[in-house]
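Here is a colleague's note for someone opening this model for the first time. Please keep the structure in view while going through the points.

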Amino acid sequence: MDEKALNSISDPTRLRILGYLADRPLTNTELYKKFRNITYRESIFKSLKKLKEAGLLKREFKEKRGYEYSLNFKEVKISNNLILKVNR
């Protein structure tokens with residue numbers, strides 16, 4: 001894992017996003033609902049952008065759902081066990 005990827009997971013919100021995406025792909029709206037009482041929507045969007053720029057996420061447009069985010073296991077080789085240990 002390179003330095004950019006390591007820096008991107010230093011934030012607790014971004015680490016939680018990775019934990020949620022370890023279960024299944026989610027849209028930005030679905031992710032925001034999981035954080036609704038914790039943080040602002042803009043914070044989620046910024047976190048998604050940083051994770052995508054670091055190569056940890058893939059983003060795909062889905063008809064009627066908008067953008068769906070998923071983990072990018074091929075490029076980053078993150079251990080599924082590490083992400084699942086994140087405290088949700």
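1. Start with two helices. Helices α2 and α3 cross in a right-handed sense. A crossing is right-handed if the near helix is turned clockwise from the far one by less than a right angle, and left-handed if anticlockwise. The contact draws on Thr-13, Arg-16, Ile-17, Tyr-20 and Leu-21 of α2, and on Leu-31, Lys-34 and Phe-35 of α3. Contact here means heavy atoms within 4.5 Å. By class, these residues are five nonpolar, one polar and two charged. The classes are nonpolar (Ala, Val, Leu, Ile, Met, Phe, Trp, Tyr, Cys and Pro), charged (Asp, Glu, Lys and Arg) and polar (the others, Gly among them).

2. A word on the source. This is a predicted model, in which local features need pLDDT of at least 70 and side-chain atom pairs count only at pLDDT 80 or more, while totals for chains, interfaces and linings use all residues. Residues are numbered from 1 along each chain as its sequence is written, and side-chain values use heavy atoms, with hydrogens and water left out.

3. Now the geometry of that pair. The axes of α2 (residues 12–23) and α3 come within 11 Å and cross at roughly 120 degrees. That angle makes α2 oblique to α3. Angles under 35 degrees count as roughly parallel, over 145 as roughly antiparallel, 65 to 115 as roughly perpendicular, and the rest as oblique. Axes are lines fitted to C-alpha atoms, for helices over the stretch in contact, with angles from 0 to 180 degrees between N-to-C directions.

4. How do α3 and α4 cross? The axes of α3 (residues 28–35) and α4 (residues 41–53) come within 10 Å, at roughly 125 degrees. So α3 is oblique to α4. This crossing is right-handed. On α3 the contact uses Asn-28, Thr-29, Leu-31, Tyr-32 and Phe-35; on α4 it uses Arg-41, Ile-44, Phe-45 and Leu-48. Six of these residues are nonpolar, two polar and one charged.

5. Next, the sheet. Three strands form an open sheet in the order β1-β3-β2, with antiparallel pairing. β1 (26–27) and β2 (57–62) are at the edges, each with a single partner strand, so one side of each has no neighbour in the sheet. Strands pair if DSSP finds at least two bridges between them. Two bridges join β1 to β3, and six join β2 to β3. Tyr-69 in β3 stands opposite Leu-26 and also opposite Arg-59.

6. Check the turn. β2 and β3 form a hairpin with three residues between them. Lys-64, in that turn, has a positive phi of about 70 degrees.

7. Is Glu-68 buried or exposed? Its relative accessibility is 14%, so Glu-68 counts as buried. The cut-offs are under 20% relative accessible area for buried, over 50% for exposed, and partly exposed in between (1.4 Å probe, protein chains only). Glu-68 lies in strand β3 (residues 66–71). Not counting residues up to four places away in sequence, Glu-68 touches Pro-25, Leu-26, Thr-27, Lys-58, Arg-59, Glu-60 and Lys-62.

8. Last, the whole chain. There are six helices and three strands, in the pattern α-α-β-α-α-β-β-α-α. Helices (H or I, at least four residues) and strands (E, at least two) are DSSP runs, numbered from the N terminus. Of the 88 residues, 41% count as buried.
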